[in-house]
Amino acid sequence: VVGWLESRQTTEGAMLKAFVAVDTNDPERLSEDGAGATSIHFFRRKSGPVAVYLDTRTNQVPVHARPMAFKNNALALGTDVVLAVGGVPERGIDFEVGLVGERGFAFIPMPKDTLEFGMATIPIEDPPKEDVGIAWSLYPNGIDPAPMATAGMKDGKGAWIVRTRPRERSVGSPRILELGKVDAMGVYSSLGEIAPAKNVTDMAMIEDTAGSVWIVYGDSTITYLQRRVCAE
């Protein structure tokens, strides 16, 4: 399944819409009437692929999930569900999705309110359910941009998270790279600071066959690679 965003003219003016397609089949519109889309990610579980997308607006961030299936040589879209609605977004907000066993999660760095900022963890049930609530792992202060990455653990018991955050609450605090993990209930646990992150804008992570994590991060001028072995 391939997903992308296109600008379409609506009664509210130009709006980004999400589309999906399989192979050479005609595209299907993923975001329904009245909903836009500003970022889209996928994950796959036994019941089929699931698309998760943000509809970032000036005053809120609806988080949508839509399961899909391939039937009779065509893509069949399930019900579009609003999992949760976040508060006023930061510029360029993005997110990650991951699996813990067969349970999906969306991880979104964004403001909790006017005073607090953190990583919102939103469960994606099978099938997705509305208004599931948000579990927060708060940062010492806000950060923009707030890149992060996730990788599933091969034993299915959790997911790895690597994220940028301020080291301290004070204005101008150095930015750090923090490694952590999320358990089956969506609870985040920090494993500590692993590197400075002054100009980090992008990152990715995988777990290898030995259970170690490989983390690549950097910006447009330099890229770093780390391998970390986490012992209980």
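User: How many aromatic pairs does the structure hold?

Analyst: The structure holds 4 aromatic pairs. In general, a pair of aromatic rings is described by the distance of the centres and the angle of the planes. One of the pairs here is Tyr-217 with Tyr-224, which is stacked, with 5.3 Å from centre to centre and 25° between the planes. Keep in mind that this is a predicted model.

User: Is Tyr-217 buried or exposed, and what about Tyr-224?

Analyst: Tyr-217 is buried because its relative accessibility is 7%, and the cut-off for buried is under 20%. Tyr-224 has a relative accessible area of 41%, so the label there is partly exposed.

User: Which strands pair with β18?

Analyst: To read strand pairing, look at the sense and at the bridges. Strand β17, residues 202–207, pairs with β18 in the antiparallel sense over 6 bridges. On the other pairing, β18 and strand β19, residues 223–228, are also antiparallel, again over 6 bridges.

User: How many residues lie between the strands in the hairpin of β17 and β18, and how many join β18 to β19?

Analyst: The hairpin of β17 and β18 has 5 residues between its strands, and Gly-211 there takes a positive phi near 85°. The hairpin from β18 to β19 runs through 4 residues. Another hairpin to inspect is that of β6 and β7, with 2 residues between the strands; in its turn, Asn-72 has a positive phi of about 50°. Strand β6, residues 61–71, runs antiparallel to β7 and is joined to it by 4 bridges. Ala-69 stands opposite Ala-76 in β7.

User: Where is Arg-163, and in which strand?

Analyst: Arg-163 belongs to strand β14, residues 159–166. Its relative accessible area is 2%, so Arg-163 is buried.

User: What does the side chain of Arg-163 make polar contacts with?

Analyst: Start with the distances. The side chains of Arg-163 and Glu-178 are joined by a polar contact of 2.7 Å, and a polar contact of 3.2 Å links the Arg-163 side chain to that of Ser-137. Then look for a ring: the charged end of Arg-163 sits over the ring of Tyr-188, 4.0 Å from its centre. Leaving out residues up to four places away in sequence, the residues that Arg-163 touches include Met-119, Tyr-139, Pro-147, Met-148, Ile-176, Leu-177 and Met-203.

User: Where is Ile-206 found, and is that residue buried or exposed?

Analyst: Ile-206 is found in strand β17. With a relative accessible area of 54%, Ile-206 counts as exposed. Not counting residues up to four places away in sequence, Ile-206 touches Ala-151, Ser-212, Val-213 and Trp-214. For a distance across the chain, Ile-206 and Pro-109 are 97 residues apart in sequence and 20 Å apart in space, C-alpha to C-alpha.

User: Which peptide bonds to proline are cis?

Analyst: The bond from Asp-126 to Pro-127 is cis, with omega near 0°, and Pro-127 lies in the loop between β11 and β12. The bond from Asp-144 to Pro-145 is also cis, with omega near 0°. Pro-145 is in the loop between β12 and β13.

User: What is phi of Asp-23 and of Asp-131?

Analyst: Asp-23 is not a glycine, yet has a positive phi of about 50°. Asp-23 is in the loop between β2 and β3, and counts as exposed at 73% relative accessibility. For Asp-131, also a residue other than glycine, phi is positive, near 50°. Asp-131 is found in the loop between β11 and β12, and is exposed, with a relative accessible area of 62%.

Terms used. Residues are numbered from 1 along each chain as its sequence is written. This is a predicted model: local features need pLDDT of at least 70, side-chain atom pairs count only at pLDDT 80 or more; totals for chains, interfaces and linings use all residues. Side-chain values use heavy atoms; hydrogens and water are left out. Buried means under 20% relative accessible area, exposed over 50%, partly exposed in between (1.4 Å probe, protein chains only). A polar contact is a pair of N or O atoms within 3.5 Å; within protein, one must be able to donate a hydrogen and the other to accept it, and residues adjacent in sequence count only if both atoms are side-chain atoms. Contact means heavy atoms within 4.5 Å. Two strands pair if DSSP finds at least two bridges between them. Rings of Phe, Tyr and Trp (its six-membered ring) pair if their centres lie within 6.5 Å; planes under 30 degrees apart count as stacked, over 60 as edge-to-face and the rest as tilted. A charge sits over a ring if NZ of Lys or CZ of Arg is within 6 Å of the ring centre and within 35 degrees of the ring normal.
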